[in-house]
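Colleague: Could you take me through one part of this model in some detail? I would like to look closely at the sheet, and then at what surrounds the ligand.

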Amino acid sequence: MSAHAQRGKFITFEGLDGSGKSTQLEKLAKVLRAGGCSVVTTREPGGTTTGEKIRHVLLDSGTAGLSSQAELALMFASRAQHIKEVIQPALHEGKIVLCDRFTDSTEAYQGGGRKLGSDPVLQLHDILCGGLRPDLTILMDSDVAASVERARRRNKTRHSSRGKSDENRFEQESRAFFSRVRHAFLAIAEREPQRVVVVNARGTRAQTHAKIVELVRKKLKLAK
Ligand SMILES: Nc1ncnc2c1ncn2[C@@H]1O[C@H](COP(=O)(O)OP(=O)(O)OP(=O)(O)O)[C@@H](O)[C@H]1O
Ligand SMILES: [Mg+2]
């Protein structure tokens, strides 16, 4: 999978639950499409039929007793399928792929949050993901309390009218867990400043969007 010579652009959004990744990803996709770019939006875990089934297992609060190692393995199972089925084909066609979470989330949540450490995550990435690296990663940084509160509020309205299924399993974690996640994200940004740009996600949607459009244009040298 080393032939990335002729390819599109791979942009990932990272950050805590409720930091605004999905909101900003959609806003960016709109702007890029309006500018004539061919854009694929997708998410992890998920993004394929198999991956969405894995997502359900991973995120549903009804999933009981999942070990941290099993959680890690499922994240990568979803990712390997996603890369093969969606991301690589789109990049080969020269498209811009906007992906909601990628390996940095696994390093932050399973490596940092669950304390498995970065090494197993990076090793699995090498083994299972063929060395695929984003061209740009937008790390949405905000306070733990504010982010998780936003996510919880959103989930309440989103799931109140549905059955038992939800995506709340991680949101039930402790403040200490999310604090480890946040610091693991920031450590990745320090380690890979060429790839990862930290965006202050505390402002309004419009303020954050303007920052992101600006940095994407700069980084990818897209025409205005
Ligand atoms: N800048 C903002 N100010 C206030 N509320 C916001 C802002 N950006 C997003 N929101 C709202 O906060 C909630 C969480 O945003 P969003 O779903 O985009 O976050 P996320 O990072 O994708 O979360 P998750 O990781 O849980 O999917 C949503 O209800 C969204 O409408
Ligand atoms: Mg989201």
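Modeller: Happy to! The sheet is open and has five strands in the order S2-S3-S1-S4-S5, with parallel pairing. At its edges stand S2 (39-43) and S5 (196-200); each has a single partner strand, so one side of each is left without a neighbour in the sheet. From one strand to the next, the twist averages 20°. Please keep in mind that this is a predicted model.

Now look at the pairing of S1 with S3. Strand S1 covers residues 9-15 and strand S3 covers residues 96-100; the two run parallel and are joined by five bridges. To find one of these on screen, pick Ile11, whose bridge partner in S3 is Leu98. Packed on the sheet you will see helix H3, residues 68-92, which touches S1, S2 and S3. The direction of H3 makes about 160° with that of S2.

That brings us to the ligand. Around ligand 1 there are 15 residues, and the closest are Gly18, Lys21, Ser22, Thr23 and Arg154. Lys21 also places a polar side-chain atom 2.7 Å from an oxygen atom of ligand 1. For Arg205, a polar side-chain atom lies 3.0 Å from an oxygen atom of the ligand. Ser19 takes part through its backbone, with an N or O atom 3.2 Å from an oxygen atom of ligand 1. As for cover, ligand 1 has 630 Å² of accessible area on its own, and the protein covers 79% of that.

Notes: Residues numbered from 1 in each chain as written. Chains lettered and ligands numbered in written order. Predicted model: local features only at pLDDT ≥ 70, side-chain atom pairs only at ≥ 80, totals over all residues. Heavy atoms only, no water. Pairing = 2+ DSSP bridges. Helix = DSSP H or I, 4+ residues; strand = E, 2+ residues; numbered from the N terminus. Axes fitted to C-alpha atoms, helices over the stretch in contact; angles between N-to-C directions. Contact = heavy atoms within 4.5 Å. Near = heavy atom within 4 Å. Polar contact = N/O pair within 3.5 Å; in protein donor to acceptor, adjacent residues only side chain to side chain. Areas by Shrake-Rupley, 256 points an atom, 1.4 Å probe, with all protein chains shown as cover.
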